[in-house]
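Me: Let's go through this model by question and answer. Keep it short, please.

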Amino acid sequence: MIIRPRVRGFVCTTTHPVGCARNVESQIEQARRRSVARAPRSVLVLGSSASYGLASRIALAFGGGAATFGVFYDRPPSARRPGTAGWYNTATFEAAAARAGLVSACYNGDAFSHDAKKEVVAALKRDFPPVECVVNSLAAPRRVHPDTGERFASVLKPIGASYLTKTLDTAKGEVAGIELSPATAEEVEATVAVMGGEDWRLWMKALGDGGVLAPGCRTFAYSYIGPELTWPIYRDGSIGRAKADLRRTARELDRELAKTGGGAHIAVLKAIVTQASAAIPVVPLYISILYRVMKDAGDHEGAIEQSLRLYADMVYGGCGVQADEEHLVRLDDLEMKSGTQAEVLRVWGSVASGNLRSVTDFDGYRKAFLQLFGFEVPGVDYDADVDPVVEIPTLVS
């Protein structure tokens, strides 16, 4: 079939298998050029099929030679309908790992469930060395609690009062005002249940009880802080409460893992275009401005550059884990430079629909968004007939 992009709001409902493959292959080439010299022998990545989770897996496998197990939740393709981008990303990763002689396997299913943990632990025990690193990069809008069956849905709202700000309609390329109503107490609680640290804790307990964690194992979860411009909807909003819970969980896990020489950390990463960030009010406009400023300064990084710097320099480099006084590994240092943020604020004050393309990198934002789904990738013939059915032979079921 010939596949074209179909964008609805902040989601593209189609994907291109060849474009997705090229994206992954490009990241693999970058990882091969920059070694993670002291990479762990065996890694489990939760949320491994896109964005920072995928880039982390690529960095540690192709940059460090690690055996990697990926957990993801994506729709497989059929003869009539493409699969999700994460399916094609994973298929490409697994094929490349096999060619490179790397130990690799994956599981497709609801990572929040007890069944997923049981299946993954069994596969790790059977086929992998003891796990020395666990990366938690799960990003989901909903969660079914594995014990109670209660369904939770996260919200992207401020807390305490309404918030009036600018937003970007990425489909129309228009800047407009938006007023976001505050989250209720129940909505905040549900957001923490989905995006907080409970499931991270459950995974580490399942892995520990299953006997698959190596002494000295380290685990990392990803977060974002950002500038004051985004705080009402992010740091101080419902997502912020979930991230605070994630940090409390990291401290608890760190105390437990320290008994065998390991630890738990939060890595604070840079704002990039992801399926999740596209859904957050304020953020697409902020990223469009940020990308323009950082590209002009020559210090823009995407997911693979961030992941390689994290693991090669900040975690498994010669100085060990480099964390601040709050136990955070800060990879947002370039984004948060005072000069960068001052320029972002200056542009934010004047940006409107009429000057959007001249003062921001909106076109770059749109291109990066479509590339998440395999479109607008250089070298891909989008007029060619492609078979959407791609298998993943290393899939654990």
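Reply: First a term: buried means under 20% relative accessible area, exposed over 50%, and partly exposed in between (1.4 Å probe, protein chains only). Helices (H or I, at least four residues) and strands (E, at least two) are DSSP runs, numbered from the N terminus. This is a predicted model: local features need pLDDT of at least 70, side-chain atom pairs count only at pLDDT 80 or more, and totals for chains, interfaces and linings use all residues. Residues are numbered from 1 along each chain as its sequence is written, and side-chain values use heavy atoms, with hydrogens and water left out.

Me: Which residues of helix α12 are buried?
Reply: Helix α12 spans residues 362-371. Contact means heavy atoms within 4.5 Å. The cover over its buried residues includes β1, β2, β9, α8 and α11. The buried ones are Phe362, Gly364, Tyr365, Phe369 and Leu370.

Me: Why is one side of β13 and of β14 left without a neighbour in the sheet?
Reply: Two strands pair if DSSP finds at least two bridges between them. The open sheet has eight parallel-paired strands, in the order β13-β12-β11-β6-β3-β4-β5-β14. β13 (328-330) and β14 (395-396) stand at the edges, so each has a single partner strand.

Me: Which residue in β14 is the bridge partner of Cys106?
Reply: β5 (residues 104-108) pairs with β14 in the parallel sense, over two bridges. The partner of Cys106 is Leu395.

Me: Which residue takes a positive phi in the hairpin of β9 and β10?
Reply: These strands pair in the antiparallel sense over seven bridges. Leu168 is opposite Val175 in β10. Four residues lie between the strands, and the one with phi near 70° is Gly173.
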